[in-house]
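Here are my notes for you, as numbered points. Keep the model open while you read, and look up each residue as it comes along.

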Amino acid sequence: MLKHDINELLTQTGPGTPMGDLFRRYWLPVLLTEELPEDDCPPVRIKILGERLLAFRDSQGRYGLIDEFCAHRGVSLWFGRNEDSGIRCPYHGWKFDYTGQCVEIPSEPAEKESNLCAKIKLTGYPMVAVGDVLWAYMGPPEHRPPEPVWEFATVPSAQTFTSKRWQESNWLQALEGGIDSSHVSWLHSDGLRNDPLFKGAEGNKYNLSDRKPFFEVVEADGGLMIGVRRNAEEGRYYWRITPWIMPSFTMVPPRGDHPVHGHFWIPIDDENCWVFTFDYHPVRELTDGEVQAMKDGHGVHNEYVPGTYRPLQNKDNDYLMDREAQKRGDTYSGVKGIAMQDASLQESMGPIVDRSKEKLVSTDTGIIMARQRLRKAAEQLRDGGVEPPGIRPEHQLVRSAAVVLPAGEPFLEGAGEALKVRAGIPQASV
Ligand code: FES
Ligand SMILES: [Fe+2]
């Protein structure tokens with residue numbers, strides 16, 4: 001249970017809010033590289049952390065992420081002309097470069113123009129491509145961290161695949177689904193049996209046979225290591241270990257030799273978020289079949305309303321709920337696909353769930369500790385300027401793991417090096 005003011009602290013990420021300031025200290029995924037596929041391609045409007053922004057790629061391949069609206073009289077620069085290394089407002093021709101600097105005011109006399117231009121700059125944030133993702137840093141320039149080094153984004157491109165979807169809920173309830181692995185035995189039980197990117201792993205049988213998992217959560221430098229224990233053979237436990245790295249990166253424990261997946265949950269505003277979903281294999285290329293399955297919406301990906309990043313199954317069509325499939329047991333909830341099973345329930349809580357009414361139990365330990373860590377980090381940043389966890393590259397070099405350990409062996413020790421990125425060595429998986 002959370003008091004209203006704490007719920008607000010954790011869920012509000014607009015400019016000037018404590019959690020908003022926290023998010024602004026990290027490189028955040030904001031677009032897929034496929035959205036700006038070539039120099040001078042059409043710009044993209046996006047909203048991140050409540051700010052309306054325009055992303056574009058200029059004639060020299062530089063990425064710009066600037067205020068969406070023209071400094072002159074507020075026209076949306078999405079209507080602009082992306083040409084000659086800048087975006088030109090179509091109203092009176094003012095032009096801005098990839099940093100947001102005004103570089104031309106063609107309607108003014110030449111001697112006035114350069115003076116005026118120098119004084120006019122739109123908000124602009126650095127944006128870089130790492131892997132299939134464009135990352136932005138929206139915080140104070142003096143605190144800009146080194147560029148992201150997450151393994152899924154730095155392995156060769158044939159080993160990794162990323163998608164994104166719009167979720168109509170606050171970011172935190174989406175993240176909380178990512179660190180609550182107890183729901184898998186219920187909500188996703190069909191996926192464990194049938195999904196091409198899940199099925200066949202030895203470990204699935206433990207998920208399905210022991211539905212009373214035990215949570216053990218340990219603080220890590222960048223966030224938490226969330227260990228979830230289920231009974232395996234006599235005297236042994238099956239552990240699924242999920243890293244959560246501040247503020248919103250989670251990585252699902254692997255299953256067999258399937259690619260490993262995970263998410264970033266990025267606030268659009270307080271009632272919407274982007275879910276960036278990746279799948280990668282640390283040591284081998286993804287097969288054509290795997291990539292096709294991801295594109296078809298299997299695993300933790302989803303299908304789309306054509307031409308958009310909105311899921312095909314969404315709240316306007318009740319997620320294509322199939323009561324017959326629910327009754328037959330083909331799906332547990334009646335909603336098809338792991339991603340939309342999660343999204344449907346998280347959106348059903350309302351855009352910002354009222355956490356003063358919840359009744360938390362032992363399987364919510366990861367969620368409780370993540371909230372405490374987020375709150376502490378936001379308050380320490382606000383009150384003392386303390387750098388939050390998860391910013392440093394070494395905090396990002398983590399892996400999830402699925403291991404069977406002798407009863408009594410602490411999971412951190414038992415998994416050991418398997419929880420770190422190790423070049424050339426596959427994920428630890430059952
Ligand atoms: S409103 Fe953009 S140039 Fe006038
Ligand atoms: Fe889920």
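1. Start with the largest cavity: 22 residues line it, and Gly177, His183, Val184, Val252 and Asp342 are the ones nearest its centre. The elements giving two or more residues to this lining are H5, strand E15 (236-245), strand E17 (260-269) and H11. H11 gives the most, with four residues. By DSSP runs, a helix (H or I) has at least four residues and a strand (E) at least two, numbered from the N terminus.

2. A word on what you're looking at: this is a predicted model, where local features need pLDDT of at least 70 and side-chain atom pairs count only at pLDDT 80 or more, while totals for chains, interfaces and linings use all residues. Residues are numbered from 1 along each chain as its sequence is written, chains are lettered from A and ligands numbered from 1 in the order in which they are written, and side-chain values use heavy atoms, with hydrogens and water left out.

3. How much space lies in the largest cavity? About 290 Å³. On a 1 Å grid over the protein atoms alone, a cavity is a set of points where a 1.4 Å probe fits but cannot get out; a pocket is an open set with protein on both sides within 12 Å along at least five of seven lines, and lining residues have an atom within 4 Å of a point. Grid points are joined across faces, edges and corners, and the volume is the space filled by probe spheres set on them. The lining of the largest cavity splits into eight nonpolar, nine polar and five charged residues. Here Ala, Val, Leu, Ile, Met, Phe, Trp, Tyr, Cys and Pro are nonpolar, Asp, Glu, Lys and Arg charged, and the others, Gly among them, polar.

4. His183 sits in the loop between helix H5 (171-178) and helix H6 (184-187), and Asp342 in helix H11 (residues 338-348), 159 residues apart. His183 and Asp342 are both buried (under 20% relative accessible area; exposed is over 50%, partly exposed in between, with a 1.4 Å probe and protein chains only).

5. The largest pocket holds about 420 Å³. Its lining has 20 residues, with Gly177, Asp180, Met349, Asp364 and Ile367 nearest the centre. H5, H11 and helix H12 (365-384) each supply at least two of the lining residues.

6. Check the second largest cavity too, at about 110 Å³. Tyr26, Trp27, Trp150, Gly390 and Gln396 lie nearest its centre, among 16 lining residues. That lining has 13 nonpolar, three polar and no charged residues.

7. Last, some backbone spots. Met246 and Pro247 are joined by a cis peptide bond, with omega about -10°, and Pro247 is in the loop between E15 and strand E16 (249-251). Asp84 isn't a glycine, yet its phi is positive, about 45°. Asp84 is exposed, at 59% relative accessible area. Tyr319 also has a positive phi, near 60°, but Tyr319 counts as buried at 9% relative accessibility.
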